[in-house]
Amino acid sequence: MMDPFKIGPVGGIEFRPVKHDIAPYKQVMGSWPRDNRSRLGVGKLEFVDEVFGPESLEFDSLGRGPYTGLADGRVVRWMGEDIGWETFAIVTSNWSENLCAKGVDSTTAKQWKHEKWCGRPLGLRFNKESGDLYIADAYYGLLVVGPAGGLATPLATRVEGKQILFANDLDIHKNGSIFFTDTSKKYNRVNHFFILLEGETTGRLLRYDPPTKTTHGVLDGLAFPNGVQLSMDQTFLLFTETSNCRLMKYWLEGPRTGTVELVAHLPGFPDNVRINDKGHFWVAIDCCRTPAQEVLAHNPWMRSIYFRLPIKMSILARMMGMRMFTVISLLNEKGEIMEVLEDRKGVVMKLVSEVREVQGKLWIGTVAHNHIATLHYP
């Protein structure tokens, strides 16, 4: 036994790495523009230690917000300086303050054993007409809560007889359909890092149909499907594949209906994707790939040995040359790069989940830290 004391990242699990479908490192990194001024690093930290792992940010039709899902299982909203943050919704009646409310520790391993019980709301989207808020919760699937908030109602927890193990992000079509990602059939959110290490491709893009209250598979065999965003005319949607470091397009209308195509290879590991009022797409990226990571990605047998070594993951990552920092990029529907903003020193945040452009300001969420960042833009 290589790691009898389970010190390494995959000690104690059935680890079966497979080859990643990932673009060559030199091809991607050589053509990707850099932000030499690290402009994202001049962003402003907001609500420090008031929000815990705010993955997705949303604003209602009245302009109130942001609303965000927290690592302690709540969806909260900002009500202004006089009131501050208030709990807007919870995803399960299991939630209790004594068990779930860990404060700043919510984004640490102390919360992991409670996540399945308390919930972990990730993607958020408002139906602007009804005022209903739709929630992708990592453990409780797709849910909805009315404009007054409260306990969310489950909509989809299973599809084709199988549990939705890791609901992640969503978007709402004009016909009422909800497209959302189920990141893996094998690993849940707490164990999401194994999806990246293994390269497994059991993720799905799903569609919930409100009139029939049924959920259908749209795409299968995806490598860590994550963020979802419909185009402005809703003829296609974009989704990120985190393990394969790319942005993909799925056609909903026109001669290419039902087909998938590559939009862009990315320099790191993407999370959510969000549209701005010009129809361009902000992609949140945990950067960057390394040459060593590419070698491991293409050689599963190497990963099978490397990640079984009795060495902590943080040390293994440094040995691969990985120094994670935040990149946010704006692309058009053809994958052409419109903007790149970086925070190379991790001043604002080291890991990023989402970017929303609202009235001349970028709102930046993170699943890993206890704050939100903002940056005036352009």
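In this predicted model, the largest nonpolar core has 37 residues. Those with the most contacts inside this core are Val75, Phe88, Leu133, Ile135, Val145, Leu197 and Phe307.

**Nonpolar cores**

- The largest share of the core, four residues, is that of H4.
- Another core, of 22 residues, lies apart from the largest one; among its members are Val28, Leu266, Phe281 and Val283.
- Leaving aside residues up to four places away in sequence, Ile135 touches Val75, Val91, Pro121, Gly123, Leu124, Gly141, Leu142, Leu143, Val145, Ala152 and Leu170.

**An open sheet**

- Four strands form an open sheet with antiparallel pairing, in the order S1-S27-S26-S25.
- Strand S1 (44-46) and strand S25 (354-358) are the edge strands, and each of them pairs on one side only.
- On average, neighbouring strands of this sheet are turned by 25° against each other, direction ignored.
- Five bridges join S25 to strand S26 (residues 361-365) in the antiparallel sense.
- Arg356 stands opposite Trp363, a residue of S26.

**Aromatic pairs**

- The count of aromatic pairs comes to 12.
- One of them joins Phe47 and Trp85: the ring centres are 4.9 Å apart and the planes stand at 80°, so this pair is edge-to-face.
- Phe47 lies in the loop between S1 and strand S2 (57-58), whereas Trp85 lies in strand S5, so the pair ties together parts that are 38 residues apart in sequence.
- Phe47 is buried, with a relative accessible area of 12%, and Trp85 is buried as well, with a relative accessible area of 18%.
- The rings of Trp282 and Tyr377 have their centres 5.2 Å apart and their planes at 80°, so this pair is also edge-to-face.
- Trp282 belongs to strand S22 (residues 281-287) and Tyr377 to the segment after strand S27 (372-376), so their pair ties together parts that are 95 residues apart in sequence.
- Both Trp282 and Tyr377 are buried.

**Cluster and charge over a ring**

- Phe47, Trp78 and Trp85 form one aromatic cluster.
- Lys249 has its charged end over the ring of Phe236, 4.4 Å from the ring centre.

Key. Residues numbered from 1 in each chain as written. Predicted model: local features only at pLDDT ≥ 70, side-chain atom pairs only at ≥ 80, totals over all residues. Heavy atoms only, no water. Core = buried A, V, L, I, M, F, W, Y, C linked by side-chain atoms within 4.5 Å. Buried < 20%, exposed > 50% of the residue type's maximum accessible area, 1.4 Å probe, protein only. Helix = DSSP H or I, 4+ residues; strand = E, 2+ residues; numbered from the N terminus. Contact = heavy atoms within 4.5 Å. Pairing = 2+ DSSP bridges. Axes fitted to C-alpha atoms, helices over the stretch in contact; angles between N-to-C directions. Phe/Tyr/Trp six-rings, centres within 6.5 Å; stacked < 30°, edge-to-face > 60°. Lys NZ or Arg CZ within 6 Å of the ring centre and 35° of its normal.
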